[in-house]
Amino acid sequence: MKTTPNLIDGELMIVERHMRLYGLTTRMYSKQSYERSFIHAMGKTVARNYKTKYVTTSETNEHYILRVRN
């Protein structure tokens, strides 16, 4: 998918919901469906909005991974 502000906003809502429910979240995004710039934009946006959280982005052979912890 093309990285757009609407895509980032929609995924941000999902991440925020999981953080409210569980306090942490790990999201995996398929490399076939998402661009590398998307995962970096998501990581920067979450880190900017939640300065007390520890945000990491990584990748495997098939997925990009976004982790948010306390």
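Leaving aside neighbours within four places in sequence, Arg69 is in contact with Leu24, Lys53, Tyr54 and Thr56, where contact means heavy atoms within 4.5 Å. The structure is a predicted model, in which local features need pLDDT of at least 70 and side-chain atom pairs count only at pLDDT 80 or more, whereas totals for chains, interfaces and linings use all residues. Residues are numbered from 1 along each chain as its sequence is written, and side-chain values use heavy atoms, with hydrogens and water left out.

Arg69 lies in strand S3, helices (H or I, at least four residues) and strands (E, at least two) being DSSP runs numbered from the N terminus. Because its relative accessibility is 42%, Arg69 counts as partly exposed, a class between buried, under 20% relative accessible area, and exposed, over 50% (1.4 Å probe, protein chains only).

Opposite Arg69 of S3 stands Tyr54, and strand S2 (residues 54–59) is joined to S3 by six bridges in an antiparallel arrangement, pairing requiring that DSSP find at least two bridges between two strands. A hairpin of three residues connects S2 to S3. Strand S1 (residues 25–30) also runs antiparallel to S3, through six bridges, and Tyr29 has Tyr64 in S3 as its bridge partner.

Not counting residues up to four places away in sequence, Met42 touches Ile8, Glu11, Leu12, Val15, Tyr29 and Leu66.
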